[in-house]
Amino acid sequence: MVFRCSSLQRTFPFCASLSSRAELSRLDGTRLGSTGITVLAEWLATNKSLCALSLPRNTVGVEGVTALSQALRTNTTLRELDLSHNLLMPKCMHVLAEALHVNTTLTGLRLCNISFDNEVFSALARIVSVTHTLTDLDLSSNRIGRGPLEEILTALSSNRSIKVFTFGRITVHESEEKIESLLDQLLCNVLRENTTLLELQLCSNHYLRSNDLSHLSST
C-alpha cells in the first residue's frame with residue numbers, strides 16, 4: 001500500500017495508524033521538515049513491518065537525519081531508504097555512517113542530489129567503507145570534488161557488500177580532461193579489486209568517452 005501525506009499536521013495521526021503496514025513510500029515533497037521526520041523516526045525505531053521509506057524533497061535537515069539514524073540502530077525491518085533531493089550537511093553523513101555500522105538490515109540507500117559540500121562526500125566515503133549490509137547504493141546527480149571522488153571510489157574498491165553502485169550524472173569540480181583520466185583509473189581499480197560488485201551504473205557521465213568504456217570492459 002502506498003501512503004501519501006500532504007502536510008506536517010497529518011504526521012502524528014498517520015504514524016499512529018501505520019503499525020501494521022508493510023510499506024510506506026512516496027512521501028516525496030510532502031514538506032515534513034525536521035520536526036515531522038523526527039516524529040516519523042520515533043515510530044520507525046520500534047516498527048516491525050515497514051520495509052521501504054522514501055523521503056525526497058522533505059527538508060530533512062541535521063535533526064531529521066540524526067533521528068532517522070538513531071532509529072536505524074534498533075529497526076530490524078527497513079530495507080530501503082531514500083533521502084534524495086534533500087540538502088544534507090556533513091554531520092548528517094557522520095551520524096548515518098555510525099548507524100549503518102550497527103544496522104544489519106538496510107540494503108538499499110539512495111542519496112541523489114544531496115549536496116555540493118566536499119565534506120559531505122568525504123563523510124559519505126566512510127559509509128561505503130564501513131557498511132557490511134548495503135547492497136544497492138545510488139549517488140547519482142551530485143556535484144563532487146576530486147578528493148571526495150577518489151575517496152568514494154577507493155572505498156568502493158575494497159567494499160564487500162555493495163552489488164549495485166549507481167554513479168550517473170555526476171559533476172566534478174575539476175577540469176574535464178583531468179577528471180576523464182582520474183575517473184578512468186579509479187573505475188579500473190574498482191573493477192579489478194572489488195569482488196562483489198555486479199552492476200556499475202554510469203549513465204549520463206560525459207566524463208566517460210566511448211574508448212574509456214571499452215577500456216573498462218576489458219578490465
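How much accessible surface does the protein have, and what share of that surface belongs to carbon and sulfur atoms? The accessible surface comes to about 9,900 Å², and 50% of it belongs to carbon and sulfur atoms. Areas of this kind come from the Shrake-Rupley method with a 1.4 Å probe, and for residues only the protein chains shown count as cover.

Before we walk on, a word on the model. It is a predicted one, in which local features need pLDDT of at least 70 and side-chain atom pairs count only at pLDDT 80 or more, while totals for chains, interfaces and linings use all residues. Residues are numbered from 1 along each chain as its sequence is written, and side-chain values use heavy atoms, with hydrogens and water left out.

Let us take the whole protein next. Its secondary structure comes to eight helices and eight strands; helices (H or I, at least four residues) and strands (E, at least two) are DSSP runs, numbered from the N terminus. Of the 219 residues, 54% count as buried, where buried means under 20% relative accessible area, exposed means over 50%, and partly exposed lies in between (1.4 Å probe, protein chains only). Contact here means heavy atoms within 4.5 Å. Among the contacts with a separation of 6 or more, 83% are between residues 24 or more positions apart.

Now to the helices. Two packed helices are described by the angle between their axes and the distance between the axes. Axes are lines fitted to C-alpha atoms, for helices over the stretch in contact, and the angles run from 0 to 180 degrees between N-to-C directions. Start with helix H2 (residues 33-44) and helix H3 (residues 61-72), whose axes come within 8 Å and cross at roughly 5 degrees. H2 and H3 are therefore roughly parallel to each other; angles under 35 degrees count as roughly parallel, over 145 as roughly antiparallel, 65 to 115 as roughly perpendicular and the rest as oblique. On the H2 side, the contact is made by Ser34, Ile37, Thr38, Ala41 and Leu44, and on the H3 side by Gly61, Glu63, Gly64, Ala67, Leu68 and Ala71. By class, this contact has six nonpolar, four polar and one charged residues. In these classes, Ala, Val, Leu, Ile, Met, Phe, Trp, Tyr, Cys and Pro count as nonpolar, Asp, Glu, Lys and Arg as charged, and the others, Gly among them, as polar.

At 16% relative accessibility, threonine 38 counts as buried. Leaving aside residues up to four places away in sequence, threonine 38 touches Glu63, Gly64 and Ala67.

H3 and H4 pack at an angle of about 5 degrees, with their axes 8 Å apart, which makes H3 roughly parallel to H4. Here Gly61, Val62, Val65, Thr66, Ser69 and Leu72 in H3 meet Lys91, Cys92, Val95, Leu96, Ala99 and Leu100 in H4. The contact of H3 with H4 has eight nonpolar, three polar and one charged residues.

The next step takes us from helix H4 (residues 90-102) to helix H5 (residues 118-130), with axes that come within 8 Å and cross at roughly 5 degrees. That makes H4 roughly parallel to H5. Residues of H4 including Pro90, Met93, Leu96 and Leu100 meet residues of H5, among them Val120, Leu124, Ile127 and Val130. By class, the contact of H4 with H5 has 10 nonpolar, two polar and three charged residues.

Alanine 125 is found in helix H5 and, at 6% relative accessibility, counts as buried. Alanine 125 touches Glu151, Ile152 and Ala155, not counting residues up to four places away in sequence. Its C-alpha atom is separated by 8.6 Å from that of leucine 149, 24 residues apart along the chain.

What about the loops? Most residues other than glycine have a negative phi. Arginine 57, however, has a phi near 55 degrees, a positive value. Arginine 57 sits in the loop between strand S1 (52-54) and H3, and at 46% relative accessibility it counts as partly exposed. Arginine 169 also has a positive phi, of about 55 degrees, although it is not a glycine. Its place is the loop between strand S6 (164-166) and strand S7 (171-173), and at 41% relative accessibility arginine 169 counts as partly exposed.

We finish with the aromatic rings, where the structure holds one pair. The rings of phenylalanine 165 and phenylalanine 167 have their centres 5.3 Å apart and their planes at 35 degrees, so the pair is tilted. For the term, rings of Phe, Tyr and Trp (its six-membered ring) pair if their centres lie within 6.5 Å; planes under 30 degrees apart count as stacked, over 60 as edge-to-face and the rest as tilted. Both phenylalanine 165 and phenylalanine 167 are buried.
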